[in-house]
Amino acid sequence: MASVDTTTNAGQLLAAASGGRRRLGDRVFSRTAVLAAVTILALLAGVAIFLLSEGYPALTAAASELPEGKTFLDYVAPLAFGTVLAAALAALIAVPLAVAAALFITHVAPPRMALTLGYLVDLLAAIPSIIYGLWGIFVLGPKMVPVMKWLEAKLGFIPFFDGPASVTGRTMLVAGLVLAVMILPIVSAVAREAFAQTPRRLREGAQALGATRWETIRMTVLPFGRSSVISGAMLGLGRALGETMAVTIILSVSGAVTFNLISQANPSTIAANIALDFPESSGLAINALIATGLVLFAITLITNMGARWIIARQEGE
Amino acid sequence: MSNESKGSLMSSSRWLVVIAFAVALALGVAACGSSSDSETGSGGSSSGGGEVSGEIAGAGSTAQQAAQEAWIAEFENANSGATISYDPVGSGGGREQFLSGGVAYAGSDAALSTEEGELEKAEKRCAPGELIEVPDYISPIAIIYNLPGVEELKLSPETLAKIFAQEITSWNDPAIAKDNSGVDLPDTRITPVNRSDESGTTENFTEYLSEVVPSVWKFEVSGDWPVKGGEAASGTSGVVEAVSAGEGTIGYADASQAGELSSAQVKVGSEWAEPTPEAAAKVLEESPLDKELSPGKYTFAYQLDRKTESEGTYPIVLTSYLIACTKYGSASEAEAVKAYAEYVISPEGQELAAEQAGSAPLSPALTKKVMPAVEAIAAG
């Protein structure tokens, strides 16, 4: 067979073969790509269907049949509040820190140091959340007790630090701090990628006009990376909303709806509540827990759509 | 040649289609299904070197988990042909799985109730045999506290209830000082710690409070802690950790898990009682059966006498039950359940649980009373 190949017009054969292969390759590729996209959609739909069908009995049940004898809305509202509060607190702490770290790594630090530092920040993402939880109750929580006492004494007039300060350190503030550390790597990684791609000519142009390093960053790097920072922040927020283990371990929950970040009475989060109550639940209580999962799903979806909308609007400008 | 390679590529793309179908199918199944039944106990296969063979599955209370694990390990050691499994899904889940026939036996922190016909369904599940319900795990619940400088603390039920209801908020409150003369109580703020997850420990503790001091404790008895605003932690270990971490904290936990922490003495009658295994077992011994919940001759649902005033008892206890049937589908299954249940109730089994899980062994009198129930298991 090989001898036949060599005697025919090699050029023609090559063209035909490569042409045929390309068509086949294209087909395989496009089908694989479509399949992957459809799989993701099907997964999402599957989860939504599961949450809806299993949560539905709780949504329609009478208050007396549900846990704590409350209507489903009354049951889920404090949980949703706690979820959003914890995630917002985490994002509020993590995003500025992550952006600053990304700026330092991409535009300030010497290259070798930047490489190591970037690697170390990424490493934070590899730590399992239960480890963060244990670190939260054994190390950060007790260390934060005097800090929270100080906040209560000096800044007690602000509702956030109303107190009385917890003596164990299992507060919303500590949970928010731990969540912030957990989402730091993802926000920072996305920001770093965007900042690193700032066109060189823009920066050089700014410098040629006599801009200082800070002015250069403010006028070129930050505007260029803005939409990426927002989408990174939303990714982080999404992770913080759904984070279960660390919050379950750290937070002292008692169903209170309060902005007080340093007391022992905190609202629970949806994910932590499911983890805490699922093992001893049965019957309709399980449906109620799954229905709260549906609410979390909706919150996450709305957050992400909000982020898309912000980015789209920014790019339109 | 090009045809050949084309053919193999085509078939690989066909494979992709097959995989796509498989994925879709799996998704469909995942979306519809939520079945969580575990394997039914199936008859014994091969006879090993031991006395009993067979495979049985149980599920239920997380409180019993440590004890069940110890029992299973010892039992399987002695009966190499037997395989026992225990899934700590929680008491409610265990009862549910037992009723549906998913498991051969269940462990539950509460006796089968008449609510939603649970007891009736259980009797039906066991027919034509009879339902067995015997206490197999008793554990004192200690009131643990962390107050540097205070080695010994005495609390009357009323004070205890007021502390956990957040009515007494300072350690030097006159109500506490009255029972602790000679102890230098600081003015530290009291931080009561409760379980944040649903638990049998919480249910038993709140049941004690509401029965003994109903004038102070007006909350519903439930596995979910009813008072808002306290410090909450997940699991027994979480409560112990929270109490250890903060100054002025007080919590309730399985006595075996209290570790280095001091336990308060609780007033029983005119005595001050400590959470010892003996005192816990004695309460059960002195308690009457709940007639309504114990219809059959093999059901022993106790109406715990929380208000007991007799000496040497400690009424804050958790009682967990073993639920099974006298008849099973196959002889080998019945034989395995019988042998295992007998071992669990036996003095050796109870001693092992006391060692491994810190529970209170059933008293000899109690063992004698409930043993006929598990001995009644027979092949049908």
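This is a predicted model: local features need pLDDT of at least 70, side-chain atom pairs count only at pLDDT 80 or more; totals for chains, interfaces and linings use all residues.
Reader: Where does Cys126(B) sit, then?

Author: Cys126(B) belongs to helix α4 of chain B, which covers residues 118-126.

Reader: Is Cys126(B) buried or exposed?

Author: Cys126(B) is buried, because 20 other C-beta atoms lie within 10 Å and the cut-off for a buried residue is 20 or more.

Reader: Which residues is Cys126(B) in contact with, leaving aside neighbours within four places in sequence?

Author: The contacts of Cys126(B) beyond those neighbours are Leu131(B), Cys325(B), Thr326(B) and Lys327(B).

Reader: Changing topic: how many residues does the contact take from chain A and from chain B?

Author: Chain A contributes 41 residues and chain B contributes 42 residues. On the chain A side, the elements giving two or more residues are α2 (10-60), α5 (129-155), α9 (245-250) and α10 (270-277). The largest share of that side, 15 residues, comes from α2(A).

Reader: How do the residues on that side of chain A divide?

Author: The side of chain A that touches chain B has 19 nonpolar, 15 polar and seven charged residues.

Reader: Which domains does the assignment give for chain A?

Author: The assignment gives domain 1 (2-53) and domain 2 (69-316). The centres of these two domains of chain A, taken over C-alpha atoms, are separated by 40 Å.

Technical notes
Residues are numbered from 1 along each chain as its sequence is written. Chains are lettered from A and ligands numbered from 1 in the order in which they are written. Helices (H or I, at least four residues) and strands (E, at least two) are DSSP runs, numbered from the N terminus. A residue is buried if 20 or more other C-beta atoms lie within 10 Å of its own, exposed if 12 or fewer, and partly exposed in between; C-beta atoms are placed from the backbone. Two residues are in contact if their C-beta atoms, placed from the backbone, lie within 7 Å. Ala, Val, Leu, Ile, Met, Phe, Trp, Tyr, Cys and Pro count as nonpolar, Asp, Glu, Lys and Arg as charged, and the others, Gly among them, as polar. Domain bounds come from an automatic or database domain assignment.
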